[in-house]
Amino acid sequence: MRSYRILFRTPEFTPFLLSFAGSAAAQTIGALALGTLVFRATGSPLLSALSMFGPQLAQLAGATFLLSGADRLPPRAILTGLSLAFAAGTAVLALPGLPVRAVLAVVLLQGLVASLGGGVRGGLLNDILSKDGYVLGRSVYNMLWGLTQVAGFATGGALLALLPPRACLLLAAALYLVSALVSRLGLTARPPRSAGRPSFSATWRTNALLWSSRSRRLTYLGLWVPNGLVVGGDSLYVSYAPGAAGTLYACGALGMFLGDMAVGRLVPPAARTRLATPLRLLLAVPYLFFVLRPGVVLSAVAAAVASVGFAASLVLQERLMSLTPDDLTGQALGLHATGMAALQGVGAALAGTLAQLASPATAMTLMAAGSVTVTVVLAVLGGREERRPAVFAARPEVGSEPAATD
C-alpha cells in the first residue's frame, strides 16, 4: 500500500487517528502546562522535567504487570477507559494548592495506566491495516503525533501567555474526554487478539519470550536508548529557555513530522533498512552544539533538524514486526512503547540531575553524546548479528514459539 487515498479508505483508520489526536493534544498541552506550573513553583529543572516525563518512567512497572492486556482485552473498551482515566487525573492536577509530591504521585499513576495504551493502539493499528499498509499507516500515525505536538506546544505556549497553567490543564482534561467519545463511537467492538486472562505471569512470560531473541533485543535497545537519552535532554527546554520552551518543542515536533513523512512515503522499502543508524545519529548530533549555548533561533533549528532522526523508530518498528509472531504484536509493540517511555523517564531524571549540578545546556550536550555512543555500539553489534549465518531466517523459529497463556 503506497497511497494515502487507499489508506484513508480503510475502515476504522480515520476514527482511530482522531481518537489518538485528541489524546495526543491533551498530553502535549497538559505536559507543557504542568512543567511550567512546577517550574514556577519550585525553580527546579529536575522537578520540572520529572513532572513532564516522569510518567514515562512509571510505564516500566506497567510493562511488568499490565502489558499482557494489550492482546487479551477488547481494544475499544481499553482505549475509552484510558482516556477517561487520564481526564480524571488531569483534572486532579489542576486543583489549586496541590503539593508537588501529590503532583508527582498523580503523574506516576497516570504513567502506570498509560503502559497499556501503546500496546493496545499498536496492536489495533496492525489489525486495522493490511501487512503491506503497516509502514505507511504507522508513518501517518507518527506524522499525526508530530503535527499534534507542533499545534499542541504552539497552542500551549500561547495559552500559557494568556491563562494560568491550571486552566490549560482543564482544557487538556476536556480533550481526553473527546478522545474517549471518539473511541467509543468510532471504533468497532473487536474481541481480544489472544485467549486467556491478562496477568502478571502472562505478561512476564511473553516479555521473556520476546526478549529471548538476540535480534529482537538489539532492535528494542535501538528503539529505546538513543531516543530516551535525547528526549531526556529535550525535557530541559523549560529550564533552558523558559520563555520559548513551546517554540522549541513545536520545532522539534515539526522535524519529527517531516522525517516520518519522508521515510514512510518517499523512501523505498529496500532503502529504509539502511537508515536506522544514520537517523539515530542525526537525532543526537545537533544537540552536541548546545554546549555553545546558542540562542533561541539556532536552538530551534537544531531541534527541528535533530528530530528528523525520530523516523529511525519507524524503520526499527518495521524490523520488530518482521521478527514477531502475529498473535504477539500487541504486547511486542506495547513492550516497545513502554520501554521507550521508561527510558525517556530515566533520561529526564538523569538530564535534570545533570542540569542541577551544571547547567541545562551542558546536560543536553552530555545526553546527546551518550546517545551517539550507544548508537555506535549498537551499530557494531548489529553488524556482527547480520554476519551470523541465517540470522533473519529465524522468523520461522520465532513463529514456532508458543504464545504465552494462562
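In this predicted model, helix α5 (residues 75-93) packs against helix α6 at an angle of about 160°, the two axes lying 10 Å apart. Because angles over 145 degrees count as roughly antiparallel, α5 is roughly antiparallel to α6. The crossing of these two helices is left-handed. On the α5 side, the contact consists of P75, I78, L79, L82, F86, G89, T90, V92 and L93. These residues meet V103, V106, V107, Q110, V113, A114, L116, G117, V120, R121 and L124 of α6. An α-helix has 3.6 residues a turn, so residues three or four places apart point the same way. Divided by class, the contact of α5 with α6 comprises 15 nonpolar, 4 polar and 1 charged residues.

Helix α6 itself spans residues 100-128, a run of 29 residues. From its first C-alpha to its last it reaches 41 Å, close to the 42 Å expected at 1.5 Å a residue.

A second pairing joins helix α2 (residues 13-42) to helix α8 (residues 165-186), which pack at an angle of about 165° with their axes 8 Å apart. That angle makes α2 roughly antiparallel to α8. The crossing of α2 and α8 is left-handed, and the residues of their contact divide into 16 nonpolar, 8 polar and 2 charged.

The pairing of helix α12 (residues 245-266) with helix α15 (residues 296-307) has another geometry. Here the axes come within 6 Å and cross at roughly 30°. Angles under 35 degrees count as roughly parallel, and α12 and α15 are therefore roughly parallel to each other. Their crossing is right-handed. From α12, the contact draws on L248, C251, G252, G255 and M256, while α15 supplies V296, S299, A300, A303, A304 and S307. By class, this contact of α12 with α15 holds 7 nonpolar and 4 polar residues, with no charged residues.

Notes:
Residues numbered from 1 in each chain as written. Predicted model: local features only at pLDDT ≥ 70, side-chain atom pairs only at ≥ 80, totals over all residues. Heavy atoms only, no water. Axes fitted to C-alpha atoms, helices over the stretch in contact; angles between N-to-C directions. Helix = DSSP H or I, 4+ residues; strand = E, 2+ residues; numbered from the N terminus. Parallel < 35°, antiparallel > 145°, perpendicular 65-115°, else oblique. Left-handed = near helix turned anticlockwise from the far one by under 90°. Nonpolar A, V, L, I, M, F, W, Y, C, P; charged D, E, K, R; others polar. Expected span 1.5 Å × (residues − 1). Contact = heavy atoms within 4.5 Å.
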